[in-house]
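Work through the following exercises with the sequence and the model at hand, trying each task before reading its solution.

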Amino acid sequence: MPSNHLPLLLAAYQYKFGRDVEAMAQHLIDDIAVGWDELGTNLLDDAPPTLVATLTGGEHWPSRTLDHLITPDGSPPVRMTVTDTTASDLGMPWGYILHPQGIEVISMAHTGTGPLVAWDTDPSTPFSDHPAHWPAITTRRTPTTSRTARPPRPAAGAAPTGPRTAARR
């Protein structure tokens, strides 16, 4: 849900990844074999302790990948591609796309683009799980037909990669 994931991803970008969207994408997308079971407070490394306390209520938990999956036929699990067509079948109500200017938050209940939250947004901003209730810090990304050298990449919660186990958060 955006109220949980968006502050964590904004803080991770600003502190752990030093405002480097490529480094963040490398960690969240490229460096994992299958996918994420849970994003943890280790993404808040280097964030001010007061911000960490605000976002976590003082709790600490590790990020966990989906590397413990067992497929029905015993073959190694593989990444799955999430599309508008498959998102609902995979139980993914939200997607997050990393852009150079911010993070796009897409409700899978709606097609198209979602609000774009600038990377410099204060992570302690209270976000609702209903984008219509978000403060005026969001904008809408305008779809384009031209592609950049490297297309935007979905963040961790955007692309489930196989059967999902229950997560705490």
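**Exercise 1.** Determine what covers the buried residues of helix α1.

*Solution.* Begin with the buried residues of α1 (residues 2–16), where buried means under 20% relative accessible area with a 1.4 Å probe and protein chains only: they are P2, H5, L6, P7, L8, L9, L10, A11, A12, Y13 and Q14. Then look for their contacts, that is, heavy atoms within 4.5 Å; the covering elements include α2, α3 (49–56), β3 (94–99), β4 (102–107) and β5 (115–118). Because eleven of the 15 residues of α1 are buried, this helix is largely enclosed by the rest of the structure. The model is predicted, so that local features need pLDDT of at least 70 and side-chain atom pairs pLDDT 80 or more, while totals for chains, interfaces and linings use all residues. Residues are numbered from 1 along each chain as its sequence is written, and side-chain values use heavy atoms, with hydrogens and water left out.

**Exercise 2.** Trace how β4 pairs with β3 and β5.

*Solution.* Strands pair if DSSP finds at least two bridges between them. Six bridges join β3 to β4 in an antiparallel arrangement, with I97 partnered by E104, and a hairpin of two residues connects these strands. On β5, V117 is the bridge partner of I103, within an antiparallel pairing of β4 and β5 over three bridges.

Methods: Buried means under 20% relative accessible area, exposed over 50%, partly exposed in between (1.4 Å probe, protein chains only). Helices (H or I, at least four residues) and strands (E, at least two) are DSSP runs, numbered from the N terminus.
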